Amino acid sequence: MALYEQLKLLYDQGLYSSVTSLASMMLTAASESSSDMLTFSTKYQTYVYYADSLYQLKEFKRAEAIYKKAIQLRKSFSKTKGKTPTLPAGEVTSEVDIKYKMHLCLVSLKQYSQAIAILDTIPAKQRTPCINMALAKLNHQGGNERAAITYYKEVLRECPFAVEASHGLLNLGTKSGEVTSMMVSGSLSAANIDWLTMWMRANYHFIAKEFPLAIAALKHIDKKSILRDNTDVLVTLGEAYYYNGDFQHALSVLERAHCLDPLLVKGMDIYGILLAKEERLKELESLATRLIAVNDNAPEPWIAMGYFSLAVSKERGANKALSFAQKALNLSPRYVEALLLKGTVLLKLQKFQDSLIYFGEAFKMCPFRYEPPKGMIDCYLAMHRTRDAVAIASAACKHLNHSARGLTLYASVLAKDPLSADKAKPLLDKALKQDPTYLNAVYLLASIYEQERLYEKGIDLLKKHIEQQTSCQLHQMLGDFLRLTNETEKALHHFNIALNLDPSNHKAVEGSQRVEQNPESSESYEVDDIADSENEGDLEESEVEAVWSDVEYT
């Protein structure tokens, strides 16, 4: 017993490597010795300490095998005639707890069906909320929605504020009112939980992919409820903005969440992606380094590090980014941002077929997202498979609920082919009626007018939107149109405004130089543009990306 007490002391102090060595020797000695070196209960618990320590050391396969031996010992002893197991209450681990721990090992080994099977052997009356939650998540992941709903509801019945269970139910289509009613306890007055009702309604809209409604609800919660400056609310709001294509607001909100809690990990991969888009590389490096220091077992830090590597160096950085993306996938095999990062890197490396696989997998998992079909379209266009690109764009438009963003994406593919450009214009008109501030639609429609030499229409369109909002590209494009109609002074004026907004805008610099060099003629510029358009199919991948970025990522 003194030896067993030493083993227990090692376990209690977290000295797991020492536990595995001592427990192994004790069990071997006990099996060889004729004396009662270990009682039934101490031998059983020695197996448990041994397996627990192996689990802590991430030796999941060995841990599962030792847990099985503990259960077999218990069963064999109970079958022995004339003997009753001596299992002091509170001093030994229950069989239910062992089975839950076995399930954890199997999940770590990605053996999900076996994990469900072991939990299913636990009688329903003995299942704790923790066990029901595990069954809910595994069945949800495996596509068994009916069972997942049942288990989530069991969790909420015993633990009404289990937020993860409520999110699971919302994801499976349960109405927010029903979920909220399950969460409200009779001891809470309506005044105390009005914020909960608002939060659940916002999450319902978010999960239903009704991002404008989710944004409105979350903004209301942040401004007019007791949940102001709550990081969970801010991260969800930032993600809603991001999924809806409003990058500036998404960046602002996620930056605020990060400032409120510098140790926050959830949602910070998207914050990193937005920093990369803005080329704020010092901040991105600082973020990625901090996230890895906080929790390197979550996928988010590796996504942030991947985009930093990609932004710093195209060739060496791409290989590093692939490695970081794979690290994130190893930690979370269905993590969409990891699939998108891998697809993006492979696209930059011109490995289009490989890139398609990852973008396609992301599209299957999250058809409501913009980035997967956009990546697939880029791949198909780079491989000159225009029909496939059009098919994906059409499907994406439907999944995006024919939003301004979805319509513009579809139109951008149609506009690549002069024969289908006429079909693009009605889509862009519809997009601008739906969202008059959506500049990507303005840029694309203006570029079509330029291709068709409808310069006056282009000028009217751009002037109309400059009155409502301003951007470097609006002024640069208007400058181009005015130069093409020989209104050189006005053209220079708008080129200068564009350069004040963004001194690095090469198109504004080029347009301004051409006006100054040849103020009376625009013919050479038109010819060059037409030639560029005709040769677009022969561009390198990086050049194709640059052409697309003018419309899609501004």
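**Ground rules**

This is a predicted model, in which local features need pLDDT of at least 70, side-chain atom pairs count only at pLDDT 80 or more, and totals for chains, interfaces and linings use all residues. Residues are numbered from 1 along each chain as its sequence is written, and side-chain values use heavy atoms, with hydrogens and water left out.

**Exercise 1. Find how many helices and strands the protein chain has, and what share of its residues is buried.**

Step 1: Take helices (H or I, at least four residues) and strands (E, at least two) as DSSP runs, numbered from the N terminus. The protein chain then has 31 helices and zero strands.

Step 2: Call a residue buried under 20% relative accessible area, exposed over 50%, and partly exposed in between (1.4 Å probe, protein chains only). Of the 554 residues, 47% count as buried.

Step 3: Turn to contacts, meaning heavy atoms within 4.5 Å. Among contacts with a separation of 6 or more, 53% join residues 24 or more positions apart.

**Exercise 2. Work out how α3 and α5 are arranged, and which residues meet.**

Step 1: The axes of α3 (residues 40-56) and α5 (residues 95-108) come within 11 Å and cross at roughly 25°.

Step 2: Classify the angle: under 35 degrees is roughly parallel, over 145 roughly antiparallel, 65 to 115 roughly perpendicular and the rest oblique. The crossing angle therefore makes α3 roughly parallel to α5.

Step 3: List the partners. Tyr44, Val48, Asp52 and Tyr55 of α3 meet Glu95, Ile98, Lys101, Leu104, Cys105 and Ser108 of α5.

Step 4: Sort them by class, with Ala, Val, Leu, Ile, Met, Phe, Trp, Tyr, Cys and Pro as nonpolar, Asp, Glu, Lys and Arg as charged, and the others, Gly among them, as polar. The contact has six nonpolar, one polar and three charged residues.

**Exercise 3. Compare the spans of α5 and α12 with expectation, and see which residues are buried.**

Step 1: The expected span is 1.5 Å times one less than the number of residues. With 14 residues, α5 reaches 20 Å from its first C-alpha to its last, close to the 20 Å expected.

Step 2: The 14 residues of α12 (residues 211-224) should span 20 Å, and the end C-alpha atoms lie 19 Å apart, which agrees.

Step 3: Buried residues of α5 include Val96, Ile98, Tyr100 and Met102. In α12, those buried include Phe211, Ala214, Leu218 and Ile221, and their cover includes α11 (194-207), α13 (231-243) and α14 (247-260).

Step 4: Just past the end of α5, Lys110 takes a positive phi of about 65°.

Terms used: Axes fitted to C-alpha atoms, helices over the stretch in contact; angles between N-to-C directions.
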